[in-house]
Amino acid sequence: MSDPNPPMFNVQIDGVWHQFPKGTRVIEACEQVGVFVPRYCYHKKLSSPGNCRMCLIEMGFPRLGPDRKPELGADGIPIINWMPRPQICCAQDVADGMAVRTDSPLVKDCRHGVMEFLLINHPLDCPICDQAGECLLQEFSVDYGNSQSRFLENKVKKPKNVQLGPRVTLDDERCILCSRCIRFCQEIAHDDVLGFVDRGSHTVLTAHPGRSLENNYSLNTVDICPVGALTSTDFRFKMRVWFLKETKSICTSCATGCNTVIGTREDVIYRQTPRENDRVNSCWMCDYGRLNYKYLEAEDRLLEPQIRSEGRLVPADWPTAVGQAALQVKQFAASEIAIVASGRMTNEELWLTTQLVNSLGVKWIDIVPRRGDGDDILLSRDRNPNTNGARLILGSSSEPGAKLMAIADAVRSGGIKALVILKENAMHLGLSVEELARLPTLIVMNNLPNAATEKASVVLPACGFAEKRGSMVNGTGRLQRLNRATRPPGNARDDWEILRDLVQAIGGGDSLHSIEDVFRRISETVPKFAGLSLSKIGDLGVHILHMEELPPTLPGDEEAIQQAVAIQARRRAVRPQLHQARPHLGASSIEPKAAPRR
Ligand code: SF4
Ligand code: SF4
Ligand code: FES
């Protein structure tokens, strides 16, 4: 447990004194005051093995006089005793009176030297490397690389295009052996699957025998690989990264709501990557959520509003389709209408759904629960991203899904004559296609067709999560925003606009011109949203709800790092035994193949 009020230490960075709390890494302290120290192996969410040496700096401490007090120079400032050799700053915490130099001639020399070593065997194929544009080796080469190589020998050839797992491809010759990917698998994904084998220049990264990198977090290794060694099989060679438009949003594949960046070009999504938010997902996201966007480009996306005419669905314009939908539901009594909404809808859409409910006087309203296997890392068992938003806005006292069976029974018995299905598949209610076909009115708003859509009397094509703006409340009660990364295809419309028009066509609601207007109405009517606006939510969200039972969240980084330190300690304990077994071998001859599995 970290001290909530740690003592502050005075630290001199490049001649300027600053104060940092005890326990701050030197590399982080430098960054906090705007001094960036280049690094490859260091990642702030992982343990620090200190193996790349790119972060070498000069370090010193005040010279102490006979009275054990710092000696002061003529300018009244403590005289620093500089250590004779450079030190790495990624594995060292600040100490009181410490001084560091990050831009001295010695430090620059060290960086040039490290770069030269790293590039000895690294292929010079940046133009065809998928990491180009976001490669640390490229970036630091500009500052510390040499324009010419002194290396005349042949480069070591290493395996190329190795499938480390179903989603990750390895080009071993580009690996700079930083071990970030190995540590991520051990410390965060809890799947000790990667390791180094062979020695010296021939060391390669590989999966342990009989294993493959297939855990649900495997693509995070691609994010943190500082070079182009690990690439996403899904994304590689599809698009140069500098062409991508980046939109900050959230994943909507489960209740965790991991913060993301959606990379798009010309309305096509090329990738999703995690965005750092220590209150939600740290720096990570799961592969399931990351790749769950392909359906937005499905060939059978609903593109046009449709109405049933002479027994078949025919395209219509929006005013006609919305007018028809309103006309059809209005002919029934409130007790004969049911609305099935979705925990995938945004708060704004759910609030407009309540307006629909109020305009029609409907009593039958529920959302479809969606459950799957969770884990103790990020993935929640609740696969609806906005169950909490639905609870707050629909104001239901019962659990999501509690009324669905009764709704289905009422449809079967003929008690319900008009069913409005919003962003869900009516088949999930347990109704057969025949039973749906018997309904006089079935209004469907969705992105993709399904068996129920075929039987609809009106089809309203809507947007996917990356095509709209809005807000959701995640499983821990954090209100977050999703943003529009691409335009919807065809004539599909923003869900909130469809619902607003439907409410107005039915005869309720007042003018709402923008999604900000809708959010403002939520903040006026739902107490937990009081005082908020879409812009006040910010990129990292705000906590609005304290849940009694929280869904699985990320274990504390401290805990993960302690686990890693324990693994390394166990490894060190194994090494002396190996020495005894092979006394003729020096310490450097022990290959890491013998690492114990966790
Ligand atoms: S593959 Fe990338 S992350 Fe893994 S050790 Fe090599 S350079 Fe580091
Ligand atoms: S854990 Fe949930 S929210 Fe996060 S990326 Fe995976 S599916 Fe998406
Ligand atoms: S970043 Fe410090 S040794 Fe690699």
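Predicted model: local features only at pLDDT ≥ 70, side-chain atom pairs only at ≥ 80, totals over all residues.
Strand E17, residues 337–342, has 6 of its 6 residues buried, so it is largely enclosed by the rest of the structure. Ile337, Ile339 and Ala341 point one way from E17, while Ala338, Val340 and Ser342 point the other way, and all of them are buried. In a regular strand, the side chains alternate between the two faces of the sheet.

E17 has parallel partners, and I will take them in turn. With strand E18, residues 364–368, E17 pairs in the parallel sense over 5 bridges, and within that pairing valine 340 stands opposite aspartate 366. To get from E17 to E18 the chain passes through helix H8, residues 347–360, and this β-α-β crossover is right-handed. With strand E19, residues 418–422, the pairing of E17 is again parallel, over 4 bridges, and here alanine 338 has leucine 419 as its bridge partner.

Now to the charged side chains. A search of the whole structure finds 37 salt bridges, and I have picked out a few that you can follow on the screen. Glutamate 134 forms a salt bridge with arginine 271, with the closest N and O atoms 3.0 Å apart. This pair links distant parts of the chain, 137 residues apart, since glutamate 134 sits in the loop between helix H2 (105–120) and helix H3 (136–144) and arginine 271 in strand E14, residues 268–274. Is arginine 271 buried or exposed? Its relative accessible area is 14%, under the 20% cut-off, and therefore arginine 271 counts as buried, whereas glutamate 134, at 31%, is partly exposed.

In another salt bridge, the side chains of aspartate 223 and arginine 290 meet at 2.7 Å, N to O. Aspartate 223 lies in helix H5, residues 219–224, and arginine 290 in helix H6, residues 287–290, so that distant parts of the chain, 67 residues apart, are linked. Arginine 290 counts as buried at 5% relative accessibility, while aspartate 223 is partly exposed at 32%.

For arginine 412 and glutamate 435, the salt bridge is 3.1 Å, N to O, and it joins helix H10, residues 404–413, to helix H11, residues 433–437, across 23 residues. In this pair arginine 412 is the partly exposed residue, at 38% relative accessibility, and glutamate 435 is buried, at 15%. Beyond these pairs, Asp125, Lys160, Asp171, Glu173, Arg174 and Arg236 are linked in a network of salt bridges.

Finally, the ligands. Ligand 1 is surrounded by 14 residues, the closest being Cys175, Cys178, Ser179, Cys181 and Cys225, and by class its shell has 12 nonpolar, 1 polar and 1 charged residues. Around ligand 2 the residues include Cys251, Cys254, Cys258 and Cys286, as well as Met285, Tyr288, Leu378 and Leu379. How many charged residues does the shell around ligand 2 have? There are no charged residues in that shell, which has 8 nonpolar and 4 polar ones.

Notes. Residues numbered from 1 in each chain as written. Chains lettered and ligands numbered in written order. Heavy atoms only, no water. Near = heavy atom within 4 Å. Nonpolar A, V, L, I, M, F, W, Y, C, P; charged D, E, K, R; others polar. Salt bridge = Lys/Arg side-chain N within 4 Å of Asp/Glu carboxyl O. Helix = DSSP H or I, 4+ residues; strand = E, 2+ residues; numbered from the N terminus. Buried < 20%, exposed > 50% of the residue type's maximum accessible area, 1.4 Å probe, protein only. Pairing = 2+ DSSP bridges. Right-handed = clockwise from strand over helix to strand, strands pointing away.
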